Amino acid sequence: MKIIIREAKIIDSKSPFHNQTVDLLIVDGFIKKIGKALPNTDDAEELKLENLHLSQGWFDSSVSLGEPGFEDRETIANGLDVAAKSGFTAIALQPNSFPIIDNQAQVNFVKSKANGFATQLFPIGALTKESEGKDMAELYDMKNSGAVAFGDYTKSLDNANLLKIALQYVQDFDGLVIAFAQDDKIKGNGVMNEGIVSTRLGLKGIPNLAEELLIARNLFLLEYTGGKMHIPTISSAKSVQLIKEAKAKGLNVTCSATVHHLVLTDEKLEEFDTRYKVTPPLKAENDRQALLNGILDGTIDMITTDHNPIDIEHKKMEFDMAKNGTIGLESAFGALMTVLPLETIIEKFTSGKTIFSIPNNSINEGEIADITLFNPEGNSVFTKENILSKSKNSAFLGTNLKGKAYGIFNQGKLILG
């Protein structure tokens with residue numbers, strides 16, 4: 001395939017063409033030429049879009065797709081198409097399917113289902129068998145099959161010794177342990193953030209301590225064992241501070257925050273709308289501001305959508321009973337553009353590849369074309385018509401967005417939304 005992308009502004013700090021508006025000639029999946037007003041001598045397809053910007057391909061470090069087992073929520077095929085049209089050239093797939101992705105065969109299965117798509121799928125293997133927190137899963141075998149990290153999605157590991165052993169074990173093959181933090185005993189029957197809003201609504205609250213206590217414990221374990229740890233979807237001001245201090249000590253720890261925690265607060269729960277019931281729960285404004293500051297000062301390494309499709313039967317029900325989770329791929333870029341600078345968003349959408357040992361190609365001649373196409377300008381309201389996922393449980397319905405993702409070029413394929 002030959003294509004010339006016309007008049008695109010490059011947003012890639014590692015590229016010599018950063019902040020320049022240029023043409024790109026892509027041949028057979030590689031960037032062959034970059035320059036002004038490139039001649040079309042090979043009868044290449046041409047693409048020109050309004051206010052077109054290009055960056056390295058975006059990566060989402062936490063995506064649930066249902067398949068196998070919950071195809072009614074989402075399939076791998078449709079999920080990868082949604083990711084591509086939302087600007088993501090790579091996703092890390094959470095193991096929370098049925099069966100759980102906790103062995104070599106399951107890793108091979110999801111990888112085979114993702115063959116041939118423009119968006120690449122990188123499986124996260126379960127840290128423990130069936131994500132039950134009792135016995136360590138087959139980590140080395142899964143790593144050899146292509147698993148990029150190991151974690152039990154939104155389940156914390158109560159057994160501190162098991163986490164210690166896992167951190168020691170994966171060092172032999174440079175593995176990455178994902179340590180979600182929410183103490184179930186402290187969480188109890190809580191369904192939202194503990195604070196003024198939960199008191200006003202009469203809903204049982206989950207204190208920030210449930211997250212912060214386990215983060216502190218896990219960081220102590222990491223300091224003892226060494227190795228690499230990723231703490232996903234942090235949500236409180238104290239969590240940001242704990243990780244900042246750990247990094248200052250030299251610990252090899254990274255973390256992420258979700259789009260919805262950076263944009264929304266627990267005030268959204270005033271009408272008991274289950275679309276806003278997520279894990280961890282939406283927090284107060286001071287926590288949201290602390291997360292934004294953590295993004296800007298580099299404490300938080302990446303931003304994730306934590307895309308989690310839930311079928312309507314498990315969302316349209318009493319608040320206490322509804323399942324937690326929101327979809328987020330389609331709205332991610334437009335929502336973030338309302339709260340963060342463009343270059344910061346791009347950096348947090350691309351740097352995570354390195355953390356997960358995924359190739360991260362800059363936009364330069366001779367490099368593989370792994371790029372996201374987007375327009376950072378223009379305002380819109382996110383509606384059901386904008387949802388491409390099978391499930392419609394978006395926390396961003398009715399939200400004002402800025403800019404939009406056009407799509408991607410990756411794996412030799414151009415996909416536009």
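## The second largest pocket

The second largest pocket holds about 480 Å³ of space. A pocket here is an open set of points on a 1 Å grid over the protein atoms alone, with protein on both sides within 12 Å along at least five of seven lines. Grid points are joined across faces, edges and corners, and a volume is the space filled by probe spheres set on the points.

This is a predicted model, in which local features need pLDDT of at least 70 and side-chain atom pairs count only at pLDDT 80 or more, while totals for chains, interfaces and linings use all residues. Residues are numbered from 1 along each chain as its sequence is written, and side-chain values use heavy atoms, with hydrogens and water left out.

Which residues lie nearest the centre of the second largest pocket? They are K85, E330, N386, K404 and A405, out of 21 lining residues; a lining residue has an atom within 4 Å of a point. At least two lining residues come from each of α11 (332-336), β16 (371-381) and β17. Helices (H or I, at least four residues) and strands (E, at least two) are DSSP runs, numbered from the N terminus. By class, the lining has eight nonpolar, nine polar and four charged residues. Ala, Val, Leu, Ile, Met, Phe, Trp, Tyr, Cys and Pro count as nonpolar, Asp, Glu, Lys and Arg as charged, and the others, Gly among them, as polar.

Strand β17 spans residues 400-410 and pairs with β18, residues 413-416, in the antiparallel sense over four bridges. Two strands pair if DSSP finds at least two bridges between them. N410 has K413 in β18 as its bridge partner. Two residues lie between the strands, and Q411 takes a positive phi near 55° in this hairpin.

## The largest pocket

How much space lies in the largest pocket? About 790 Å³. Its lining has 32 residues, and N96, Y153, T154, K155 and K323 lie nearest the centre. The lining divides into nine nonpolar, 14 polar and nine charged residues.

A cavity is a set of points where a 1.4 Å probe fits but cannot get out. Searching the whole structure gives eight cavities of 30 Å³ or more. The largest cavity has a volume of about 90 Å³, and its lining includes L127, D152, K155 and R217.

The second largest cavity has a volume of about 60 Å³. Among its lining residues are S62, Y153, T154 and D306. Four nonpolar, five polar and one charged residue make up this lining.
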